[in-house]
Amino acid sequence: MGAYVVRRFGLMLVTLFGISVIIFVLLRLTPGNIADILFDAGGYVDPADKARIEAELGLDKPLVVQYAAWIGGLMRGDLGYSYQTEKPAIDEIAPRIPITARLAAVALTFSVLIGVPLGVVSAVRQNTPLDYILRVVSLSGLSMPAFWLGLLILMFFVSMFGTIPIYSETPTSFWSALVMYSVPAAAVGFRSSALMMRLTRSSMLEVMRQDYIRTARSKGAPEMAINYYHALKNAVLPVITVIGIEAAFLLGGLIVTETVFNIPGVARFLVEAIRWRDYPMVQNLVMFIAVVVVTMNFIVDMLYAAVDPRIKYGN
Amino acid sequence: MSTADFSAELAAAGANVKSRWGSLRFFVRRYPLGSIGAVIMTLFVFAAIFAPFITVYDPLSTNAAISLARPSAQHWLGCDFMGRDVYSRIIYGARISLAVSVGSMLLGSSIGVTLGLLSGYLLGWFDLVTQRVLEMMQSLPLLVMAIIMAAALGPSLHNTIFAIAIPLVPYVARVIRANTLSLREQPFVEAAKAIGMSERRIALRHVLPNTLAPLIVLATAQLGSTILTESSLSFLGLGVPEPHPSWGRMLSESAAEYVRTAPWLVIFPGAAISFVVFGTNLLGDALRDLLDPRQRS
């Protein structure tokens with residue numbers, strides 16, 4: 001187990017290194033850098049001024065040097081400066097992380113609390129009208145773009161209360177903070193809960209066909225105990241994987257949801273940074289996302305061994 | 001893809017496949033939801049192809065006099081702030097959606113199949129390197145990857161297709177690789193080897209056709225996600241540029257402010273996206289059940 005953890009951790013670092021190279025190269029393929037954009041906006045181009053700005057930002061150096069400077073900085077905890085605001089990148093990114101993290105946590109809680117029980121119900125009542133309804137609802141959850149659902153929710157708020165839930169840095173009460181986070185979280189979490197539900201259902205159906213479930217039934221165990229104790233316990237393993245993956249993929253949905261609800265989180269910030277060709281910001285933000293995803297996968301792998309005694313790594 | 005492709009599968013499932021209509025009838029009876037999905041997809045393709053014949057107004061012509069007109073007998077779904085007919089724009093938008101989704105699905109799948117087949121067949125260092133690189137690509141959410149690609153390439157129809165296709169590659173390649181790995185151990189591959197068939201011919205004539213079923217399942221499932229990704233990119237202003245009437249783009253123009261003033265600009269384009277993706281999901285579920293017996297419930 002110990003050797004496996006070490007090897008798995010090493011692989012994680014290799015993956016992150018690879019991503020950093022991919023992102024760095026991709027961003028340099030982009031036509032136009034920040035200097036171009038600033039000058040486009042200004043409508044006036046003096047080549048000398050432009051060259052001076054590029055030199056100041058280090059854009060005139062060879063790519064390898066630029067890359068080394070970035071990674072070297074990261075190692076020392078120096079994320080560089082934002083081109084746009086000229087503040088240290090860490091000061092721009094750090095305050096936005098908790099906002100997005102809270103949204104993701106609420107959304108994930110929603111999706112597990114709603115998705116898993118409904119998936120069990122759907123499996124237990126397979127091929128009943130209830131099952132059909134739940135399946136269609138979950139499929140429509142997977143079909144709606146998160147930003148559209150967000151807009152529909154805003155529309156609902158306008159027609160019901162005449163106003164929309166507005167994000168504020170300092171919510172007046174716990175209650176208003178809860179509303180502030182749970183409304184966007186519901187918009188982004190609907191898809192995840194639909195996914196959880198489908199997965200729990202198919203996983204449950206598979207487990208319920210197993211011999212030991214038949215045995216439990218034939219020895220006269222109550223139906224409730226079979227479904228919720230014997231079956232669910234074994235059906236939950238693939239669901240755990242998805243919780244891990246979803247936690248990371250929620251970031252994708254949060255990009256559009258934060259845009260719709262006008263929330264100053266880290267996901268929306270990525271798109272703004274891309275628009276400004278703010279390389280240090282984009283690089284660091286993408287690396288941050290990659291670290292979150294890779295760490296989540298690592299944790300899920302470890303959880304596997306903890307939850308399922310049949311899985312033993314390293315032997 | 002024709003219904004004839006499924007005849008072997010259908011026969012195995014006990015269907016009457018003597019005629020083309022027989023297999024179609026079987027599909028409808030066995031998968032009512034999947035058939036609804038197929039109808040939705042047909043409508044979608046129909047709207048894209050015959051757009052000029054089923055619309056009255058030009059999707060691009062502006063008219064300040066009818067800016068933000070409510071849905072009415074003349075303009076069924078209302079008009080946007082430039083006075084463009086929303087119904088026309090949605091119908092023509094089907095062309096963009098269809099082009100981007102089918103284009104990126106085909107591109108992503110063909111690269112993915114090639115890599116997966118090579119990886120599972122050659123093994124060795126090629127497999128090792130490919131798997132690592134694909135893993136890296138999968139460490140970023142699909143939308144994040146697509147956003148970066150789209151931003152790097154610049155906004156255009158072709159670049160949008162490319163930006164969505166590349167992030168799909170790892171998902172296809174991994175399924176095809178796993179399938180190739182199990183296929184190469186099969187007796188029929190061994191038999192082909194025994195009669196002295198070249199590796200290349202075995203890979204192309206015997207292994208590749210057998211990966212078709214999982215590929216169809218995967219491709220249908222992807223079709224929906226490519227449409228959603230395109231709409232998200234366009235919503236963020238990183239996808240298909242103006243004046244193309246892309247569904248996601250229509251929502252970005254109308255986003256927050258029209259929630260109060262012109263709800264029809266918000267409701268209809270989003271409904272179009274959801275409707276079509278719902279169709280692909282319904283059809284995809286039925287196809288998975290039909291072609292992948294292991295997952296049959």
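User: What pattern does chain B follow, read along the sequence?

Analyst: Chain B runs α-α-α-α-α-α-α-α-α-α-α-α-α. That comes to 13 helices and zero strands. Helices are DSSP runs of H or I with at least four residues, strands are runs of E with at least two, and both are numbered from the N terminus.

User: Where do these coordinates come from, and how is everything numbered?

Analyst: This is a predicted model: local features need pLDDT of at least 70, side-chain atom pairs count only at pLDDT 80 or more, and totals for chains, interfaces and linings use all residues. Residues are numbered from 1 along each chain as its sequence is written, while chains are lettered from A and ligands numbered from 1 in the order in which they are written.

User: What are the confidence scores for chain B and for the model?

Analyst: The mean pLDDT of chain B is 84, and 90% of its residues reach 70 or more. pLDDT is the predictor's confidence in each residue, from 0 to 100. The model scores ipTM 0.85 and pTM 0.87. Where pLDDT is low, the predicted coordinates should not be read in detail.

User: OK, chain A. What is its secondary structure?

Analyst: Chain A has 13 helices and zero strands. Its C-alpha trace spans about 85 × 60 × 35 Å along the principal axes.

User: Which residues touch the most other members of the largest nonpolar core?

Analyst: A146(B) and I147(B), out of 153 residues in that core. A nonpolar core is a set of buried Ala, Val, Leu, Ile, Met, Phe, Trp, Tyr and Cys residues joined through C-beta atoms within 7 Å. Leaving aside neighbours within four places in sequence, A146(B) contacts A163(B), I164(B), P167(B), T229(B) and L233(B).

User: Now the interface. How many residues does each chain put in?

Analyst: Chain B gives 37 residues and chain A gives 40 residues. On the chain B side, the elements giving two or more residues are helix 6 (124-138), helix 7 (142-153), helix 11 (212-235), helix 12 (247-261) and helix 13 (263-291).

User: Which of them gives the most?

Analyst: Helix 13 of chain B, with nine residues. By class, the chain B side has 25 nonpolar, nine polar and three charged residues. Ala, Val, Leu, Ile, Met, Phe, Trp, Tyr, Cys and Pro count as nonpolar, Asp, Glu, Lys and Arg as charged, and the others, Gly among them, as polar.

User: Back to chain A. At what angle do helix 11 and helix 12 cross?

Analyst: The axes of helix 11 (residues 223-260) and helix 12 (residues 266-275) of chain A cross at roughly 80 degrees and come within 7 Å. That makes the two helices roughly perpendicular. The axes are lines fitted to C-alpha atoms, for helices over the stretch in contact, with angles from 0 to 180 degrees between N-to-C directions. Under 35 degrees counts as roughly parallel, over 145 as roughly antiparallel, 65 to 115 as roughly perpendicular and the rest as oblique.

User: Which residues make that contact?

Analyst: Helix 11 of chain A brings L251(A), L254(A), I255(A), E258(A) and T259(A), and helix 12 of chain A brings A267(A), R268(A), L270(A) and V271(A).

User: What sits in the loop between helix 11 and helix 12 of chain A?

Analyst: N262(A), for one. Its phi is near 55 degrees, a positive value in a residue other than glycine.

User: Last one: G189(A). Buried or exposed?

Analyst: G189(A) is buried, with 31 other C-beta atoms within 10 Å. It is found in helix 9 (residues 174-208) of chain A. Not counting residues up to four places away in sequence, G189(A) touches A107(A), L108(A), F110(A) and S111(A).

Conventions. Buried ≥ 20, exposed ≤ 12 C-beta atoms within 10 Å, placed from the backbone. Contact = placed C-beta atoms within 7 Å.
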